[in-house]
Amino acid sequence: GLKAAIGTALADELGALHARASAVATDDPAGRGARKVKTIALALIAAADSAKAADLAAAQYDAADNMTDRQGALMVLCSLDHPARADKLAAFYERYRD
């Protein structure tokens, strides 16, 4: 309930934060922190608006150039009932199974 309240009250700010964190290059020293912030913002968005979060998470997964962003997106997708969940989990398995 607390995450949903935070996600609802700060919906615009969290969306903007996710977008700013997504713009940080992964090879930039700030990239590590940005990836963490992006995942936390996405989880709070998901608690308040699952449809918006599912779309953001699927886009984050597709745009990811690192495992951390893919895992963060999957963490959120796995908590949602959305068609992208199964597709992204299968893609993650195929990419990292070895």
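## Glu94 and its partner

Glu94 is partly exposed because its relative accessibility is 46%. The classes are set by relative accessible area: buried is under 20%, exposed is over 50%, and partly exposed lies in between (1.4 Å probe, protein chains only). The side chain of Glu94 meets that of Arg97 in a salt bridge, at 3.5 Å from N to O. Arg97 is also partly exposed, with a relative accessible area of 48%.

A salt bridge here is a side-chain nitrogen of Lys or Arg within 4 Å of a carboxyl oxygen of Asp or Glu. Side chains of opposite charge can pair when their charged atoms come close.

## The model and its confidence

This is a predicted model, in which local features need pLDDT of at least 70, side-chain atom pairs count only at pLDDT 80 or more, and totals for chains, interfaces and linings use all residues. Residues are numbered from 1 along each chain as its sequence is written, and side-chain values use heavy atoms, with hydrogens and water left out.

pLDDT is the predictor's confidence in each residue, from 0 to 100. The protein has a mean pLDDT of 93, and 100% of its residues reach 70 or more. Among its elements, H1 has the highest mean (96) and H6 the lowest (93). Helices (H or I, at least four residues) and strands (E, at least two) are DSSP runs, numbered from the N terminus.

The whole structure holds four salt bridges. One of them joins Lys38 and Asp69, whose closest N and O atoms are 2.9 Å apart. This pair links distant parts of the chain: Lys38 sits in helix H3 (residues 31-48) and Asp69 in helix H5 (residues 67-78), 31 residues apart. Both Lys38 and Asp69 are buried.

Another salt bridge joins Lys88 and Asp62, with the closest N and O atoms 2.7 Å apart. Lys88 counts as buried because its relative accessibility is 14%. Asp62 counts as exposed, at 54%.

H6 has 14 residues. From first C-alpha to last, H6 reaches 21 Å, close to the 20 Å expected at 1.5 Å a residue. The expected span is 1.5 Å times one less than the number of residues.

Ala84, Lys88 and Phe92 are buried in H6. They lie on the same side of H6, because they cover an arc of only 65 degrees around the axis. The arc is that of the directions from the helix axis to the C-beta atoms. An α-helix has 3.6 residues a turn, so residues three or four places apart point the same way.

On the other side of H6, Pro83, Ala86 and Asp87 are exposed. Asp87 has a relative accessibility of 53%. The C-alpha atoms of Asp87 and Leu77 are separated by 10 Å, with the two residues 10 apart along the chain.

## Toward the start of the chain

Leu2 is found in helix H1 (residues 2-9). Leu2 is exposed because its relative accessible area is 65%. Together, Leu2, Ile6 and Leu10 make a nonpolar surface patch of about 270 Å². Patches are made of residues with over 30% relative accessible area and no salt bridge; like charges are joined within 9 Å, and nonpolar side chains (Val, Leu, Ile, Met, Phe, Trp, Tyr) within 5 Å. Accessible areas come from the Shrake-Rupley method with a 1.4 Å probe; for residues, only the protein chains shown count as cover.

Leu14 belongs to helix H2 (residues 11-23). Leu14 counts as buried, at 7% relative accessibility.
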